[in-house]
Amino acid sequence: MSIKATQVSLSRGNRWLLNDIKLEIECGQILGVIGPNGSGKTTLLNLLAGDFPASSGEIYYENLLINDYTLIDRAKYRSVMSQRQEIVFSYTVKEIVEMGIVGEYGIYKDTHTTDRLQNIIELLQLEELKDRNVRTLSGGEQQRVHIARALVQIWQEKSYPDPRFLLLDEPTSSLDLAHEIQVLEILRAEVKKGLGVMVVFHDLNLTAHFADKVALISGGKIAAYGTPEQVLEPEILSNIYGLAMTVSKKPFRVSYF
Amino acid sequence: MLRWINFKQSLTLAVFLLFGVFACSLGTIYGGFDIGFSSILSGELQKLETEILLNIRGPRITLAVMVGAALGVSGAALQGLFRNPLADPGLIGVSAGAALGAVSAIVFLNVELLPFQLGKYLIPLAAILSSCAVICLIYILTNGFKKSDITYVLLIGIALNALATVGIGLLTFMSTDSQLRGLTYWMMGSFGAASWGLLVPTFFVVILSILTLIFIARKLDIMQLGEVEAYRLGVKVKKLKMMVILISALMVGISVSLSGIIGFVGLVVPHLVRLIAGTNHTYLFAGSALLGITITVGADLLSRMAISPAELPVGLATSALGAPFFLFLVIRLRKIEY
């Protein structure tokens, strides 16, 4: 039960954006993706989401090629949250979260999606913001709204009998410390229920704390892939980030000054 | 089962519907020749009154209803699709295309001299054909809407708009005095020239278009997250773009062909509807149709009454009402935003 990339490469013109990427997002795990700016983390996330085809190599959802799925089936299987979203018109928070409901395009919506909606709004403490205009919220509040929207798309109440995945691009970049930890704890709880998660992390210490597996990307290639202990090694990190770093194991921390 | 429309929105729609019915009733009764409401209800009409109702007021108000609904809904749809509050049906070049067709017909064909009342049908027909030509050009130039960036479509529309305006300018320059009078009136818009023969097909096109748009309204809501996000949420974005543009263009092309250019309705009405009870497109389409109807029928009545027995061009009335209102809206919105 996984999203899998096998020797995936992507080129634009004669530039290789991604080269020979091989990784797997498994159910019940958080895969943390780290790397310097412009290393290809977001491109990799977009590629795994199915936004555009790879130049070579294949992406599998379970054991089927991504192209064998209809758009709706893909949307029910994995949900994606980008770094930024700009809403032009004055939708309410509730309406934005509702947009995560897949496939119900008719004039009616059914009650069980309404329940799911309410659960997630409570989970992310958006109850008080529910009827506010999303454009008047702070950056951090908006980010929580979009996390909620991404969760609604694939959320299951008790456990995940069918595989479901969440791909997040720096989901906590605008959140204050308390909300950052809260959101990541929520993700970890969902992962315990069987959800598979990939998070592009900016903060190496959050990666150390929350990721089950880590992929370090540099120049469009995987520089290191494994458990946080294997990847977050001072030599590897110093080499890639060009900054002297030390790593202490107890507590697991990366320090760079 | 809960609807995507909430209670406040349902209430607003009901009020809009009342407004619409009220405007249509007033439009039927009043004009150069007033008809008593009681005599319509009791059916005791004189021959002249029946004649006016069936062949003058009836088609006139039906056309105003069609144009108002078409402009309001297509404005809402295009603003949603382009995620741009300034988009309106005029912007994608379809209105200007229709105008170019109509003006060509007025200048090149001597419409008054044609047999079998052909002239009455020829101008709208030419307008429909040339607005269709604009739609085809947009389609070809955007490679069947395959260009991923929606701004590109908008820029193509603006360019076509400018080209059509040049054509209209040239024809205006070439026209004789009487033709000039005809085309100036056409450009300012009027519901007076309506006849049932052309109204019936228009009616079906507009109704079908609005129903289709309401049916895909939810997808336009999801499009507000951005094209990529909508695609990830299972929306076939290219197909949606093509549908919305084609439907809007067809609806606007056909109705503008019959009425001439009616300014500001497509731009202002959706904003007003949003301001009152929310942004989601299911409500927005229904609301824009109803409010659009109220405004065009109302403006038509105003244009008939203002300098009776002469008539003001209705396009002038909608712009005269729309522009100050738009100004008010912009200032008010700025206060809310900041």
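Which residue stands opposite A:Leu168 in β9(A)? Select A:Leu168 and look across: the residue there is A:Val199.

This is a predicted model: local features need pLDDT of at least 70, side-chain atom pairs count only at pLDDT 80 or more, and totals for chains, interfaces and linings use all residues. Residues are numbered from 1 along each chain as its sequence is written, while chains are lettered from A and ligands numbered from 1 in the order in which they are written.

**Stop 1: the sheet in chain A**

Strands here are DSSP runs of E, at least two residues, and helices are runs of H or I, at least four residues, numbered from the N terminus. Color the six strands β6-β8-β9-β3-β10-β11 of chain A, in that order; they form an open sheet with mixed pairing. Two strands pair if DSSP finds at least two bridges between them. Go to the edges next: β6 (78-81) and β11 (221-226) of chain A each have a single partner strand, so one side of each is left without a neighbour in the sheet. Neighbouring strands are turned by 15° against each other on average, direction ignored.

Now select β8 (residues 165-169) of chain A. Five bridges join β8(A) to β9(A), and the two run parallel. Touching means contact: C-beta atoms, placed from the backbone, within 7 Å.

**Stop 2: strand β3 of chain A**

Select residues 30-34 of chain A. Five of the five residues of β3(A) are buried, so the strand is largely enclosed by the rest of the structure. (Buried: 20 or more other C-beta atoms within 10 Å of the residue's own, with C-beta atoms placed from the backbone; exposed: 12 or fewer; partly exposed: in between.) A:Ile30, A:Gly32 and A:Ile34 point one way, A:Leu31 and A:Val33 the other.

Four bridges join β3(A) to β9 (residues 196-200) of chain A, in parallel. There, A:Leu31 has A:Met198 as its bridge partner. Four bridges also join β3(A) to β10 (residues 213-218) of chain A, again parallel. Find A:Gly32 opposite A:Val214.

**Stop 3: two helices in chain B**

Switch to chain B, with its 14 helices and one strand. Select α1 (residues 7-29) and α3 (residues 47-82) of chain B: their axes, lines fitted to C-alpha atoms over the stretch in contact, come within 9 Å and cross at roughly 150°. Show B:Cys24, B:Gly27 and B:Thr28 in α1(B), which meet B:Arg57, B:Ile61 and B:Val65 in α3(B).

Terms used
Axes fitted to C-alpha atoms, helices over the stretch in contact; angles between N-to-C directions. Contact = placed C-beta atoms within 7 Å.
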